[in-house]
Amino acid sequence: MAARGTRKRKRKEQSEYFFDYSLLFIVFFLLGFGLIMIYSASSYEAYEEYGDAAYYLKRQLMAAILGLVLMTIVANIPYHFWERFAVLGYLVSAAMIPVVLTPLGVESHGARRWIRIPGIGFNLQPAEVAKLCMILFLATLVCRMGKSVRTLKGFFLMVCIPLPIVIMVWKITDNLSSAIIIMGISLLMVFVASPDYKKFVLMGLAGVAAVALIVFMIVNADSVEGFRSERILAWLDPESYSQDKGFQTIQALYAIGSGGIWGKGLGQSMQKLSFLPEAQNDMIFSIICEELGLFGAICVILMFILLLWRMMIIANNAPDLFGAMLVVGVIGHIAIQAILNIAVVTNTIPNTGISLPFISYGGSSVMFLLIEIGLVLSVAKRIQLKEL
């Protein structure tokens, strides 16, 4: 009887699984805060262009609701289910990118980066699909390669496989920032899967040296051609390009500086009144600084740190390598994108279009980020409480 009772209790203990409500709360907070800031940053421009101050808010809200539905569905499906679609996802994401050049492609601000979905009025960005599919594909590949991923051949295979997608995103959609993020996600996943860090140190030093050489050549060139070269010069001396490539950066810095410690108050930004381009998109962090001050900016950064910390706990306690690598990929995506966005807004790096996760306006971005959170929650639900 005692043995039977012990087995019964053991089965009961094994049926109790972990669910990270803290992670869910942080995601809901960032989503809600993002909707508030999108309305605050875009209401003037939306009323001027569309006669509806809530135009951008409504579109983002619809994308967020759809993303939450998809997140719930993905969170309740065992994450190993998606492993069988890894190769298909890689091929589909590669096939979607050239579609932007067809009549289904949508051009905005001089770039074709979106695909129009007929009948529903929704535009899909193939780069966001590529980020999710790359996480899934590399997590599957790491598990199938096993210990061979630690060899030099395995290392180069893992690094080279993302390159076709990265090059296509960069050259076809003219989206260098998304290409950098996809490559960054891939390198982080390889870094976690491979214990030999010497290769990464050498790659990092080589990358820094290459970037420094490019900047040196552009600065000392007799004439500058290409808008990216001009952006680098505007980054080094934004005031000299205040009427062209440095205009957005200058206005963002004005917004940050005028906010002070506590900010002007929610909705009281001056820079969003047609002074700061893309206030609700890439530059929304500067509006946060202006309206909520340094205090609000630090709170947002702390929320991202908490989000990454909760996901690190899930990755460390994942039931298997595949689950851990999925979570690592999502961590890399959110961390790299948030860091680069804040660095761009504060002129720490040259200006390039990168949205702030969960907060910036962008339906495709928020929807696929929520799907990735669904994957993380799916991994978390398979963690047995007795293993924590």
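At what angle do the axes of helix α7 and helix α8 cross? In this predicted model, where local features need pLDDT of at least 70, side-chain atom pairs count only at pLDDT 80 or more, and totals for chains, interfaces and linings use all residues, the axes of α7 (residues 163-172) and α8 (residues 176-193) cross at roughly 165° and come within 7 Å. Residues are numbered from 1 along each chain as its sequence is written, and side-chain values use heavy atoms, with hydrogens and water left out.

Helices here are DSSP runs (H or I, at least four residues), numbered from the N terminus. The two helices α7 and α8 are therefore roughly antiparallel (an angle over 145 degrees). Contact (heavy atoms within 4.5 Å) involves Leu163, Ile165, Val166, Val169 and Trp170 of α7, together with Leu176, Ser178, Ala179, Ile182 and Met183 of α8. Of these contact residues, 9 are nonpolar, 1 is polar and none is charged.

A second pair to look at is α2 and α3. The axes of α2 (residues 21-50) and α3 (residues 55-75) come within 6 Å, with a crossing of roughly 155°, which makes α2 roughly antiparallel to α3. Among the residues making this contact are Leu24, Phe28 and Leu31 of α2 and Tyr55, Tyr56 and Leu57 of α3.

Finally, Phe137 sits in helix α5 (residues 126-145). Phe137 counts as buried because its relative accessibility is 12% (buried means under 20% relative accessible area, with a 1.4 Å probe and protein chains only). Leaving aside residues up to four places away in sequence, Phe137 touches Ala86, Val87, Tyr90 and Ile161. Arg84 lies 53 residues from Phe137 in sequence, and their C-alpha atoms are 9.6 Å apart.

Key
Axes are lines fitted to C-alpha atoms, for helices over the stretch in contact, and angles run from 0 to 180 degrees between N-to-C directions. Angles under 35 degrees count as roughly parallel, over 145 as roughly antiparallel, 65 to 115 as roughly perpendicular and the rest as oblique. Ala, Val, Leu, Ile, Met, Phe, Trp, Tyr, Cys and Pro count as nonpolar, Asp, Glu, Lys and Arg as charged, and the others, Gly among them, as polar. Buried means under 20% relative accessible area, exposed over 50%, partly exposed in between (1.4 Å probe, protein chains only).
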